[in-house]
Amino acid sequence: MNEILTKTIEEMADMEFDCSCGKKHRIDIKHIYVGENAYNRILDVAKEILPKEILLVSDNNTYKALGKCVENELTESGYNINNIILVSDGDLIPDEKAIGRVLVEVNNETELIVAVGSGSINDICRIISAKTHIPYVIMGTAPSMDGYASTVSPLIIDGAKVTYPGTNPYAIIADSNIMKDAPFEMICAGFGDILGKYTALSDWRLSNTIHDEYFCDTTEKLVRNAMYKCFENIEGAVKREVKAIEYISEALILSGIAMTLSGNSRPASGAEHHLSHYWEIDKLSRKLEHPLHGNSVGVGTVISAWLYKKLNIEERFGIETPVPEIIIKFIKFYWS
Ligand SMILES: [Zn+2]
Ligand SMILES: [Zn+2]
């Protein structure tokens with residue numbers, strides 16, 4: 001029995017353990033805080049690092065939602081803050097312009113980057129942290145994607161999506177009181193990204209069965225348990241109840257951790273993600289808007305689950321696969 005399965009997400013931070021899969025797994029994130037008023041934890045993190053200057057990065061929306069409050073708390077505690085608010089007309093894009101805008105603010109005094117936001121802000125700060133070796137903390141504002149605990153940064157370079165190696169955040173802070181007030185489309189996207197784990201795990205198991213690919217039961221269980229918790233609390237999530245939003249946030253953080261444990265993206269991303277990436281790149285190349293990542297992953301999950309059913313994979317290989325009708329029901333429940 002691997003002890004990680006009995007831990008809370010906060011206890012998983014900075015953990016190392018010998019796993020039944022034969023690997024020694026390590027989680028290189030110093031702190032993970034999920035819960036009401038978790039935003040306060042930024043003061044504990046700052047006290048640990050004692051930075052000469054903090055680069056605080058948000059956009060116009062996330063500054064209003066949380067950035068301003070973080071700025072006040074840190075200033076009142078005596079820290080020097082360089083506050084950058086990235087301004088964009090529509091969705092903030094993690095491209096050369098946004099990365100450059102933040103990078104020019106890094107100086108010799110910058111010893112901590114505090115990113116306030118979700119997908120794009122996290123990707124921008126992660127790549128800068130990786131290049132400068134300045135630790136960064138992500139303070140989530142929406143349970144919209146599973147990149148919080150990831151180690152790569154998908155960026156838009158020369159108009160195309162390119163994934164760069166990044167680094168783990170020093171800490172992840174997900175305040176459920178803030179996350180629950182995110183635009184509903186973003187909460188849906190988070191749930192859609194979690195739906196995708198269902199077929200991703202089936203893909204991984206199938207490849208293990210057919211090709212004898214490396215598989216970690218513990219990692220699989222971690223993701224599956226977190227995913228089921230979100231399914232069981234779907235009604236609460238639609239009503240923006242704090243506990244249900246925490247389950248989504250935890251599942252999203254956990255799937256990032258799961259990728260670190262397995263050493264690849266298998267536990268978090270399968271055919272449903274390939275479909276979603278294709279749609280995203282296609283729209284991008286035609287300069288058209290595309291839905292939030294998780295929302296197209298949800299649709300990809302339906303197609304993938306339908307293929308599993310059509311090919312009779314569950315009976316043929318004895319592995320659990322999702323029922324497409326149930327996936328459709330979940331999606332309809334969210335959007336009704
Ligand atoms: Zn393992
Ligand atoms: Zn995803």
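Trainee: By the rule for ring pairs, what does the count of aromatic pairs come to?

Mentor: Rings of Phe, Tyr and Trp (its six-membered ring) pair if their centres lie within 6.5 Å; planes under 30 degrees apart count as stacked, over 60 as edge-to-face and the rest as tilted. By this rule the count here is nine aromatic pairs. One aromatic cluster is formed by F184, F191, Y198, Y228, F231, F330 and Y334.

Trainee: Before we go on, how should I read the model and its numbering?

Mentor: This is a predicted model in which local features need pLDDT of at least 70 and side-chain atom pairs count only at pLDDT 80 or more, while totals for chains, interfaces and linings use all residues. Residues are numbered from 1 along each chain as its sequence is written, chains are lettered from A and ligands numbered from 1 in the order in which they are written, and side-chain values use heavy atoms, with hydrogens and water left out.

Trainee: What do C21 and C216 tie together?

Mentor: Helices (H or I, at least four residues) and strands (E, at least two) are DSSP runs, numbered from the N terminus. C21 is in the loop between strand 1 (16-18) and strand 2 (24-26), and C216 is in the loop between helix 7 (184-211) and helix 8 (217-232), so the pair ties together parts that are 195 residues apart in sequence.

Trainee: What about the zinc ion (ligand 2): which residues coordinate it?

Mentor: The zinc ion (ligand 2) is coordinated by D193 (OD), D193 (OD), H273 (NE2) and H293 (NE2), at 2.1 to 2.8 Å. Angles of 50 to 141 degrees between the four donor atoms make this arrangement irregular. D193 lies in helix 7 and H293 in helix 12 (residues 293-310), so this pair ties together parts that are 100 residues apart in sequence.

Trainee: Is D193 buried or exposed?

Mentor: Buried means under 20% relative accessible area, exposed over 50%, partly exposed in between (1.4 Å probe, protein chains only). D193 is buried, at 0% relative accessibility. C216 is also at 0% and buried, whereas C21 is partly exposed at 24%.

Trainee: Which residues is C230 in contact with?

Mentor: Contact means heavy atoms within 4.5 Å. Leaving aside neighbours within four places in sequence, C230 is in contact with F191, I194, Y247, I248 and A251. C230 lies in helix 8 and is buried, at 3% relative accessibility.

Trainee: Finally, which domains does the protein chain have?

Mentor: Domain bounds come from an automatic or database domain assignment. Here the assignment gives domain 1 (36-179) and domain 2 (184-335). Their contact takes 20 residues from domain 1 and 23 residues from domain 2.

Notes:
Donors are N, O and S atoms within 2.8 Å of the metal (3.2 Å for Na, K and Ca); water is not among the atoms, so sites may look incomplete. Four donors count as tetrahedral if all angles lie between 85 and 135 degrees; four count as square planar and six as octahedral if opposite donors are over 155 degrees apart and all others between 65 and 115; anything else is irregular.
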